[in-house]
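Have the model open as you read.

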Amino acid sequence: MAAPTPQPRPVTHLLFDMDGLLLDTERLYSVVFQDICDRYGKQYTWEVKSLVMGKTALEAAQIIIDVLQLPLCKEALVEESQAKLRDLFPTAALLPGVERLVRHLRKHHVPMAVATSSGSETFAMKTAAHKEFFRLFDHVVLGDDPEVRTGKPDPDIFLACARRFSPAAPVEECLVFEDAPNGVEAALAAGMQVVMVPDGHLRRDLTTKATVVLSSLQDFEPELFGLPPYD
């Protein structure tokens with residue numbers, strides 16, 4: 001029998017994933033990768049997508065190539081997909097409940113940061129229309145940061161993000177927000193609690209390890225983790 005999920009504990013610092021959690025970018029990845037896969041008669045299914053969510057671009061490309069047996073090298077797949085995404089990324093909108101929650105936390109001086117597998121160039125494209133919003137965070141750690149040696153599900157990015165707070169945040173007092181199974185695994189490996197907001201297409205059995213699972217950030221109750229409730 002599976003061990004029961006621990007009850008939520010109070011936290012002091014919040015770490016947010018970005019793609020598919022803060023910004024509606026995962027949908028854009030699906031469109032572009034399916035367009036490429038169509039040339040080879042392959043389907044970029046949610047089974048494949050769930051394996052690559054939260055990975056760096058090169059890591060994701062290699063998984064897609066291996067699983068779908070595409071006759072490409074990972075560098076070529078990244079180059080082509082990034083070229084197609086360059087026009088789409090600036091259209092990415094904030095997801096429901098995101099702005100309300102982040103502005104509420106900032107109002108109450110709750111330390112928070114972004115930990116995203118996106119590299120510097122793609123981060124700039126994705127956030128071009130939301131620069132003021134992303135300034136609400138204390139800091140951002142990117143997938144190409146020197147301290148992030150390996151991508152999710154390894155915990156590097158969340159541990160680096162916690163260290164960047166001043167003073168550094170104890171891992172047991174950090175709460176991670178994620179949409180991807182790899183991200184949930186990384187948060188747990190870092191010793192942190194995690195709220196998962198999975199896409200409705202994701203298999204339910206891939207959501208069972210999170211501390212709390214929500215259908216939208218609109219449903220998050222801050223007081224559940226000892227944070228100031230909404231006014």
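Y29 is buried, with a relative accessible area of 16%; buried here means under 20%, exposed over 50% and partly exposed in between, using a 1.4 Å probe and protein chains only. F33 is buried too, at 8%. Both sit in helix α1 (residues 26–38), four residues apart, or about one turn. An α-helix has 3.6 residues a turn, so residues three or four places apart point the same way. Helices (H or I, at least four residues) and strands (E, at least two) are DSSP runs, numbered from the N terminus.

This is a predicted model, so local features need pLDDT of at least 70 and side-chain atom pairs pLDDT 80 or more, while totals for chains, interfaces and linings use all residues. Residues are numbered from 1 along each chain as its sequence is written, and side-chain values use heavy atoms, leaving out hydrogens and water.

Back to Y29: its ring makes an edge-to-face pair with F89, 5.6 Å centre to centre and 65° between the planes. Rings of Phe, Tyr and Trp (its six-membered ring) pair if their centres lie within 6.5 Å; planes under 30 degrees apart count as stacked, over 60 as edge-to-face and the rest as tilted. That pair links distant parts of the chain, since F89 lies in the loop between α4 (74–88) and α5, 60 residues from Y29.

Now for α5 (residues 98–107), where V98, L101, V102, H104 and L105 are buried. Down the axis, these buried residues fall within an arc of 160° (taken from the directions from the helix axis to the C-beta atoms), so they line one face of the helix.
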